[in-house]
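Dear colleague,

I am handing over the structure below for your files.

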Amino acid sequence: MQAAAHSVGSQKLRDVFANAEKVLVVTGAGVSAESGVPTFRGGGNTAVWKGMPFEVISSAGMLQRDLPAVWEWFNYRRGLLRSVKPNPAHQAIAEWQNQYKHLSLVTQNIDGLHQAAGSRNVIELHGSIWRGRCFDCGGLQALRELRIDDDVPACPSCGGHLRPDVVLFGEMLPAGAFERAAQEAGDCELCFVIGTSAVVYPAAAIPEIARAAGAYVVEVNPELTPLSGLCDEVLTGKAGEVLPLIGKS
Ligand code: APR
């Protein structure tokens, strides 16, 4: 006989999960870890590319200095992502969106796996690896179909150079993205913080805003983070294993 799925979290969480109308979900690289996407910092390591820490290759400075190198790094990452699939964490969040009157999803991830799992209106704080943006006309170009080899891709509208439509270190977030996320945080009753080391701002401020506004804040992460102490509840474990069990009686 198959063991009954046990639930996770407190009775309080089950009650809030059952009765909330406005829910905010904030995710980071950890939510995609079980899909095979490497995180940046978890486990004490940081990603390195050709001897360069990712903070260097993924920076505004590198964009000015060596645009082809930045494209090579993002081509490599897009190559990795082509074969990965959403995991049960992405699927649980997409299902939650159908369960609540209002669920907003704010992600730091650029991998598009939330959308691939069926989540809608995802607020992408750090952009998307599947888009390019023109330096000259600002036009956006979908990259999924675009064959990209060594050269810097050209903008189909004006011929200008494209850059990855991703927020690099030293750059501002996309216009309005943080404001929308902060608005949702100030308005929600329940806030999940899933798979983020909570060290990169302003993204890490979103759950703090929700907490200050009186929301019930729940962290899901195999490790403690600087945010753990601020949360009403910490569920220690992998998102793909924990999320499907939340709210189950
Ligand atoms: N389930 C949940 N959390 C996990 C899992 C998992 N299966 N595996 C790892 N984690 C946690 C790690 O413990 C760590 O706390 O996910 C977190 C990943 O942290 P980071 O790699 O720092 O990723 P993130 O917080 O999203 O980074 C923020 O920094 O590098 C920039 O722009 C990049 O968006 C990124 C931002």
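Leaving aside neighbours within four places in sequence, Ser32 is in contact (heavy atoms within 4.5 Å) with Val37, Asn87, His90, Asn109, Asp111 and Leu113. Please note that this is a predicted model, in which local features need pLDDT of at least 70 and side-chain atom pairs count only at pLDDT 80 or more, while totals for chains, interfaces and linings use all residues. Residues are numbered from 1 along each chain as its sequence is written, and side-chain values use heavy atoms, with hydrogens and water left out.

Ser32 lies in the loop between β1 (22-27) and β2 (48-49); strands are DSSP runs of E, at least two residues long, numbered from the N terminus. Ser32 counts as buried because its relative accessibility is 1%, buried meaning under 20% relative accessible area (1.4 Å probe, protein chains only).

β1 also belongs to an open sheet of 6 strands in the order β5-β4-β1-β9-β10-β11, with parallel pairing; two strands pair if DSSP finds at least two bridges between them. β5 (123-124) and β11 (233-236) stand at the edges with a single partner strand each, so one side of each has no neighbour in the sheet. β1 pairs with β4 (residues 102-107) in the parallel sense over 6 bridges, and Leu24 has Ser104 as its bridge partner in β4.

Turning to the ligand, a polar side-chain atom of Ser197 lies 2.6 Å from one of its oxygen atoms. For Asn221, a polar side-chain atom lies 2.8 Å from an oxygen atom of the ligand.

With kind regards

Methods. Polar contact = N/O pair within 3.5 Å; in protein donor to acceptor, adjacent residues only side chain to side chain. Helix = DSSP H or I, 4+ residues; strand = E, 2+ residues; numbered from the N terminus. Buried < 20%, exposed > 50% of the residue type's maximum accessible area, 1.4 Å probe, protein only.
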